[in-house]
Amino acid sequence: MPHEVMKDIYLIRVPLPGNPLKNLNTYLIKGAERSLLIDTGFNIDSCHEALIEGIAALGVSLDDLDIFLTHVHSDHTGLIGRLKTEKNRIFISSTDLLVLDRFRSALRWKDIEEQSIKYGFSEEEIHENRSTNPFKNYLPPKNLEIEPIEEGFIFKIAGYNLVAISTPGHTPGHMVLYDEAFGILIAGDHIIFDISPNITRWSELQDSLGDYLNSLDKIFKLHVRTTLSAHRNPNGDVRERITELKEHHMLRLDEALAIIKTEPGLTTYEIAARMTWSIRAKNWIEFPLTQKWFAVGEAGAHLDHLIQGGLIEEYEENSKLKYK
Ligand SMILES: [Zn+2]
């Protein structure tokens with residue numbers, strides 16, 4: 001059932017079955033005429049049912065409900081095909097709209113697979129990932145009318161002025177919404193309190209971790225009193241959390257650098273296998289493939305940042321990318 005977290009802002013928790021994120025926190029801001037939903041859940045029936053039940057409990061019709069997507073990931077965008085009517089509008093950053101179009105093309109996944117081989121995945125793992133990757137399989141359908149927005153776009157609803165702010169890093173076009181007068185930050189996956197947001201390699205970004213750290217600094221300067229995040233516990237002290245997240249990435253950078261200095265010539269996959277991860281598996285071999293996928297992407301983002309800082313070098317050997 002929806003829970004009012006601020007005046008006219010309701011939290012609807014959408015379960016993400018089988019996913020370590022557990023739930024997506026969607027927010028519905030109820031206005032006198034039009035309302036705004038932030039994020040949706042995967043394109044699967046159980047997410048759809050939970051969300052529709054929440055929207056109905058608030059007495060809002062889909063025709064009067066516009067949708068803002070903080071970013072392209074399918075746990076945020078998946079259901080838009082089932083929520084779109086003739087009368088409502090869907091918004092996302094222009095950057096992530098391009099990424100969404102690419103995600104829905106077979107060519108993009110072929111590129112990702114070729115890159116993944118270079119990072120050190122085996123052909124078998126690539127094959128298995130085709131059927132298990134939730135971000136690939138739960139995307140919304142093509143040919144929906146989605147409106148691209150830029151930083152500075154304002155959603156005026158229920159007395160709030162929510163300004164879209166670009167926070168690239170978690171995805172190339174991630175955006176948060178900020179109401180200065182009320183000090184509200186709708187943070188998407190940019191800032192999460194109980195887990196650290198996944199930072200991975202993107203073909204659109206040279207240094208996604210560098211972008212992410214800059215985006216954290218950008219939010220640190222705001223006067224946030226209430227943070228509403230997209231996963232787990234939605235609230236916390238945003239500046240304290242930003243400091244923790246930056247420290248977390250500094251430690252990860254140190255760890256990756258130490259591995260490369262001790263053992264030069266490893267692939268991203270091999271470096272990821274040597275890093276410490278907070279998941280319940282005894283060792284790297286026992287990691288579920290999806291988690292390996294995230295770990296390798298995350299390790300790669302740290303390697304790219306070390307390259308940008310001139311601390312390590314990348315080179316190709318036997319069709320694999322290696323680091324020294
Ligand atoms: Zn995400």
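Reply: Helices (H or I, at least four residues) and strands (E, at least two) are DSSP runs here, numbered from the N terminus. The model is predicted, so local features need pLDDT of at least 70 and side-chain atom pairs count only at pLDDT 80 or more, while totals for chains, interfaces and linings use all residues. Residues are numbered from 1 along each chain as its sequence is written, and side-chain values use heavy atoms, with hydrogens and water left out.

Now to your pocket. Strand 8 (residues 154–157) gives the largest share of its lining, with four residues. Those sit in a list that reads Arg 34, Leu 36, Asp 66, Arg 89, Phe 91, Phe 153, Ile 154, Phe 155, Lys 156 and Ile 157. A pocket is an open set of points on a 1 Å grid over the protein atoms alone, where a 1.4 Å probe fits and protein lies on both sides within 12 Å along at least five of seven lines; lining residues have an atom within 4 Å of a point. The space inside this one comes to about 160 Å³, counted as what probe spheres set on the points fill, with points joined across faces, edges and corners.

Next, the zinc ion. Its protein donors are His 71 through NE2, His 73 through ND1, His 170 through NE2 and Asp 189 through OD, at 2.1 to 2.3 Å. Donors are N, O and S atoms within 2.8 Å of the metal (3.2 Å for Na, K and Ca), and water isn't among the atoms, so sites may look incomplete. Along the sequence, the donor residues follow the spacing H-x1-H-x96-H-x18-D. Angles among the four donor atoms run from 89 to 174°, and the site is irregular. Both His 71 and His 73 are buried, meaning under 20% relative accessible area, with exposed over 50% and partly exposed in between (1.4 Å probe, protein chains only).

Over to the helices. Helix 11 (residues 289–308) has 20 residues and spans 29 Å from first C-alpha to last, close to the 28 Å expected at 1.5 Å a residue. Helix 11 is mostly covered, with 15 of its 20 residues buried. Just after helix 11 comes Gly 310, with a positive phi of about 75°.

Helix 9 holds Ile 260 and also Arg 239. Ile 260 counts as buried because its relative accessibility is 2%; its C-alpha is 7.6 Å from that of Ile 271, eleven residues apart along the chain. Arg 239 is partly exposed, at 33%, and its C-alpha lies 8.8 Å from that of Lys 221, 18 residues apart along the chain.

Arg 232 is in the loop between strand 12 (226–229) and helix 9 (238–262), with a positive phi of about 55° although it is not a glycine. Lys 22, between strand 2 (9–15) and strand 3 (23–29), also has a positive phi, near 70°. Ser 319, in the loop between strand 13 (314–317) and strand 14 (320–323), is exposed at 51%. The C-alpha atoms of Ser 319 and Ile 117 are 8.3 Å apart, though 202 residues separate them along the chain.

Definitions and conventions
Tetrahedral: all angles 85-135°; square planar, octahedral: opposite > 155°, others 65-115°. Expected span 1.5 Å × (residues − 1).
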